[in-house]
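Here is a short briefing to read alongside the sequence and the 3D view.

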Amino acid sequence: MSPSTRPRLAAVAAVLLLLLLLSSQPLAEIPRRIRTLEAYGGKELAVRRLGGSGAAFDRRYFSFLENARRRLPRTTTAVLLSGVPEDEAHLYLAAYQLAPLTVDFARPVFEAGHPATGAVIAVYGRQPSESEHAIAVLPEGFLMAGDPP
Amino acid sequence: MSALVFALVRVGGVVLAASAAGWIVARALLPPDRPFRLERLGWAFAVGVALLESFVPLSFLAGARPGGIAFAILAGVCVLASLRLRVPRSRTSPRLETWNSRPAAHLLLSLLVVLGVALYLLRALTEPMWSNDFVAIWGLKGKAIFLSGGMPAERFPGFSHPEYPLGLPFLYAGVAFLTHGWDDHAMALLFPLFQIATLAVAAGWLRRRKASPTVSLLVAAILASFEPLYSAFLTGLAEVPLAFGALLFGTALADAFEPAEAGALRRLALAAAILAATKNEGLFLAAAGCLLGLALGGRRRWKIAAAALPAALLVHLLHRIWRGSLPLRDFDLGLFSLERLLRSLATAAAVVGPLGWIGVLLVVALAVLGARRRDADTLVALAGCAAVVYLLLPAFAVRGPEWMVQTTLTRIAAALAPLAAAGIGLGYARAADGRVA
């Protein structure tokens, strides 16, 4: 290969690579992103997360977690989730939203024994029955003590 | 948009202040000569990030709540130390070709760099950081540290990988302590700043190593447009910081081979510590760099090895002291078999996809067509070592090779792009005798 051919070939390869990368930029989503910023940028952080991708799998659940976070007693040490689909996405979002509290699904904890002192059960998707003593009633569920006296 | 803008200004102000301290501290890392100026911007950001990461655990150790005073004390100590450890002017400082030698091409490439940064800025800041691994790992730990005002009494849950390094969670917590609030939307600003710092180091290092402005800008434009790394999905995860750390480490390692490169060993040690604090493979890269130094470093090999690995080991040891010895929960060495390795490679070939393969072939062509030189090859070899390990590791994956390749390979391999791009770009720099490949 002649000395002048190598830089020419390299230049062609570099330009092709750049064009390939530019063509793979998700340009079509720009208007949607700008609209999202305009719509949510002025709202409080929790509302921005509620409208975002992180809560898209179950927005009502995020609303439940945020309402639960605001109503948890200050003495809460752990939150046990009841009525929540036992998958990773629901557990991870709860752990993040309720950090630094320990979060787990209620069923395996109760099957293994008693919950820790100060644990609160966050029940999703229904309102308390007459026999359940709710600490707080939320639009999406309710909270009750995990270790009732 | 006022709520977001206000939060962005606060986060930006904290990072700017930390980077300003980093700019001064960088006097102990780089010579003050003009050819180092662009690189120094990136190193200033790196030092700023390192200060933000480290003042949190240091405050805990001192029994204090992390805050502005603790940060100012640490930054002040580092600034004072840098005054005594200032790197002298470089004896090999090159005379550089001016940026305006090909104005039209350079303007176009500069615009493409700006476009790439602007597009990533939009992707990163559209919404609060949301990726699964941010919520379950990096963001969760940072938020728990910040809201606990200390290391949480309960160990991080198993799904959050307690065995991962804490550099990024400490960075999040550090920013939150200094802005007095946890804002996982405004904090996404860190990631376009990591991108800008990466571009500054890549282009600045190439320019200093006598690559033409065209080559330097082309590499920066390619990297800025590299969406597999600078994506909305990876915003909040450790890949973008790791890519930056790997580039810092690779360039410092290549510099360290030169006896006249003042400050290179210090840069190497700092980059190794940053790498080890970011991800577990950071320690591997530091070890690989140490071995490359021993193999290629000639009379400087022991100095290079001593700079490359101990700082990373120290960071790793500090993690071990705090969390104890934890197994890598995704891997089991006993699972390896040739059949699993072949399944891993087959899945990798499929995951890359047709357009990806075209890109890979173009990158290989560029690497082959460039000149062979030790400094360039060092970076490419380092990236190559990591790529080989990334292809091997899925054979040990507990959840199966296919799962590991499909969920992680493209994103962790993408983090090697800046390191490889700088190495390949250097193959087109002017050699000592003035030749260009």
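Predicted model: local features only at pLDDT ≥ 70, side-chain atom pairs only at ≥ 80, totals over all residues.

Strand 1 of chain A, residues 78–82, lies parallel to strand 2 of chain A, residues 102–105, and the two are joined over four bridges.

**Strand pairing in chain A**
- Within the pairing with strand 2 of chain A, A:V79 has A:V103 as its bridge partner.
- Between these strands the chain passes from strand 1 through helix 5 of chain A to strand 2, and this β-α-β crossover is right-handed.
- Strand 1 of chain A also pairs in the parallel sense with strand 3 of chain A, residues 119–124, and here there are five bridges.
- Looking towards strand 3 of chain A, one finds A:V123 opposite A:S82.

**Contact between chains A and B**
- The contact is made up of 36 residues from chain A and 44 residues from chain B.
- On the side of chain A that touches chain B, the elements giving two or more residues are helix 1 (5–23), helix 2 (30–40), helix 3 (45–50) and helix 5 (88–97) of chain A.
- Helix 1 of chain A provides the largest share of that side, with 12 residues.
- Sorted by class, the side of chain A that touches chain B holds 21 nonpolar, nine polar and six charged residues.

**Helix 10 of chain B**
- Helix 10 of chain B covers residues 264–278, and its 15 residues reach 21 Å from the first C-alpha to the last, which is close to the 21 Å expected at 1.5 Å a residue.
- Helix 10 of chain B is mostly covered, since 14 of its 15 residues are buried.

Conventions:
Residues numbered from 1 in each chain as written. Chains lettered and ligands numbered in written order. Expected span 1.5 Å × (residues − 1). Buried ≥ 20, exposed ≤ 12 C-beta atoms within 10 Å, placed from the backbone. Contact = placed C-beta atoms within 7 Å. Nonpolar A, V, L, I, M, F, W, Y, C, P; charged D, E, K, R; others polar. Pairing = 2+ DSSP bridges. Right-handed = clockwise from strand over helix to strand, strands pointing away.
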